[in-house]
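Please open the structure in your viewer and keep the selection tool at hand.

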Amino acid sequence: MFARTHLLNSPYSGTMETALASSRQDLVASLDLIETRLRWLSSWTIHNANHLRPKRDGLKVGGHQASCASMTAIMAALYFHALRPQDKVAVKPHAGPVLHAIHYLLGQQSRDQLERFRGLGGAQSYPSRTKDSIPVDFSTGSVGLGVAVTAFSSLVQDYLVAHGKLAETAAGRMIALMGDAELDEGNIYECLIEGYKHDLRNCWWVVDYNRQSLDATTADRMFRRFDDIFETCGWRVITLKHGKLQRATFKRPGGKALEEWIEHCPNADFAALTYQGGAAWRARLTADIGDRPQVAKLLGSFADDGLAALMTNLGGHCVETLIDAFDSAQDDRPTLFIAYTVKGYGLPLAGHKDNHSGMMNPSQIEGLRAHLGIAEGDEWAPWGGLGDNAATRLQAFVDASALARKTAEPQADMVPVPARFAVPPEPKQSTQAAFGRILLDIAKSGEPLGDRIVTTAPDVTQTTNLGGFVNQRGLFRRQELADVFHKAKIPSAQKWAAHRAGQHIELGIAESNFFLLLASLGLAAPHFGTRLLPVGTVYDPFIARGLDALNYGCYQDSRFLLVGTPSGLTLAAEGGAHQSINTPLIGMGQPGLTSYEPAFADELALIMAHAFDHIQRPDGSSVYLRLSTRAIDQVTRENDGWEADALKGGYWLRQPAPGAEAAIAFSGAVAPEALAAWQALADDLPALGLLNVTSPDLLHRDWSARRAARWTGNRRPPSHAEKLLCALRPGAGLVTVLDGSPAALSWLGGVTGMRVSPLGTDRFGQTGDLPDLYRTYRLDEDAIIDAAAELFLD
Ligand SMILES: Cc1ncc(C[n+]2csc(CCOP(=O)(O)OP(=O)(O)O)c2C)c(N)n1
Ligand SMILES: [Mg+2]
């Protein structure tokens, strides 16, 4: 009876599959065989990379056979039973080879790729969206992030459903397959809290609960605590502690005592006994509970191997238990499956506390091969060790799976971006104010662009000037939320009503969540077929708090616009912890992110129009704008000749005369000081140039690519920095200045071989007003003049 119900509910109710798995027994048998194949192929892939492939560098190749074997049953049951085409999975990084093995069985991964596992151009160590040839829904690697990102993708999916861009029926489950040590990562709990606030749904996290981390076995004290934490946050917790065999045995005379013994067995003891095997289990159980006649009889009914198999028959290795658990959670409630497992299950490494990086030696893998009946030379055969009939049947089974029917990721249309945005007209303004104004204009414009922008901020919506956009477009929530203050007619500049059509996703102060949400929003196009244009604002210094999550988003080639504001010493009265110093270097050093630090509103308008286009282009990237609340006098332009250069990273705000022997190069909010110093020096140095560097990042990248091109045969024209600086005479002097790390600009001296006097901040800030701070940290006009003088003193 169960089998019928199961098949009706199953995504595999196609005729072929029904014929193949006409009974639950068939389904279980197929999944069991697939589990074995996954365990073998993942082990062999790692073995090949470490022991068979020639090595040139003496370095460890690595791979995690024990972490893989821990999850093979979970992944077999998930991928070939529970998964639907619309579901997306983040795979525990160290189970990457299992994912490759799954696609190998499906004929979607080549042997060549597996043979080059962890080699150049081969299957990646950890699943990678951008580098792997198989479909990967989420990259993983930095533990914890791949888990939490699924919650945010579920929120993005809800956003698209609410905005009519995705049918409710097309909504999938966002699934994380996670290691238990990932539960130690703080970002998991930040995400749980945010998920609860947003009424998270359609999310499954499956914990491979092997109670081992990298270093050792994990703390017994956490037993049941995870249930409490997740249930408090609205999750259903399903614990898969025992497999079918264990549950059946517990019902036999003496079984209750055995169950209780397991219940109280410390993690480390359980792991050690697992490693030692059947005889050790028997000795220990006999010593602890063997004085009870029924227990003695029960133990006596198992041979040593059988006893070892019984004791490790945990829920996460029992396909039947797994499919029942997955089948029981068919609504949209977020669900945590705690699947008890043994790290290294079915391998000689099982349970050893050092098995994380442990690997089977050649004779051990040979033993496993023989045990599985795989003929020598057949190691790569997808169904090696199985008879022809079984192989054909299993191939048909996997070919009929939802995974096999999963289509390639959709290509989303580009959202048209106006050629330019109106420049806010105020003669004196800050880049942050201009940013808010430009976004407000977009919100009011009725352009398609405005409908696709989604804004978010970690509790700094108002102080980063997103308020105008939010007032226009509202907050997003699946359930409407009234603005109590507005209803009560209490005056407030900020409307805070939430509804399904809202376009701002409110977040608490957790920058890791902020970056993970940006990463998820920025993957809406490939994940769900609708492009969203995420705009996230954060205080510039607190970018550092979410740096790994930012890196994670960029690594997946997610596309968003990040605005760090306010920044630098211009947060004067806020004090040293709020004054960002090294973010210009983060902007330069982060792949997948192009950073700009505009000084004037018209530069910002130009760069924003470019950015909304750039984040949509296949060869584009995410964009980071470092802005400021410092209102400065805007410059008047004679023409728009500066624009093209500004988009390349810099332009001459004051063109040097031919053969000039010096220039000042600045970025961002120190423009007034740079201009004043230029003016003051003009009498003595009439040829002096003033270079406005809008993007140290672009200038540097272009320059180093040009250098590299010479050796890689991809010739490219002289870099923009070279073109700009060759306006000066060879050996000229350069004063560089920005409100941040001086290293962001001082490298410019190397471009054509110039002497440099670098100014910037390289120590913690403090409270003060801006004149005091700029004087103290030597960013004022006098400092620039002194730095220029220094160039000529020697
Ligand atoms: C953020 C981060 N810190 C450290 C590591 C190194 N590391 C890799 S796996 C691991 C422990 C994994 O344990 P668990 O999640 O339980 O997975 P298992 O291999 O036991 O299944 C650690 C510390 C990492 N990948 N990411
Ligand atoms: Mg573990």
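Predicted model: local features only at pLDDT ≥ 70, side-chain atom pairs only at ≥ 80, totals over all residues.

Now select serine 67 together with ligand 1. One polar atom of the serine 67 side chain lies 2.6 Å from an oxygen atom of ligand 1. Move on to aspartate 180, where a polar side-chain atom is likewise found 2.6 Å from an oxygen atom of ligand 1. Then select glycine 141 and show its backbone: here a backbone N or O atom lies 3.0 Å from a nitrogen atom of ligand 1. Before leaving the ligand, display its surface. On its own, ligand 1 has 580 Å² of accessible area, and the protein covers 75% of this.

How many disulfides does the count come to? The count is zero, a disulfide being a pair of cysteine sulfur atoms within 2.5 Å. Select cysteine 318 and cysteine 265 to see one case. Cysteine 318 takes part in no disulfide, and its nearest cysteine sulfur, belonging to cysteine 265, is 20 Å away.

Is cysteine 318 buried or exposed? Cysteine 318 counts as buried because its relative accessible area is 8%, and buried means under 20%. Finally, select cysteine 68, which is also buried, since its relative accessibility is 0%.

Note on methods
Residues numbered from 1 in each chain as written. Chains lettered and ligands numbered in written order. Heavy atoms only, no water. Buried < 20%, exposed > 50% of the residue type's maximum accessible area, 1.4 Å probe, protein only. Polar contact = N/O pair within 3.5 Å; in protein donor to acceptor, adjacent residues only side chain to side chain. Areas by Shrake-Rupley, 256 points an atom, 1.4 Å probe, with all protein chains shown as cover.
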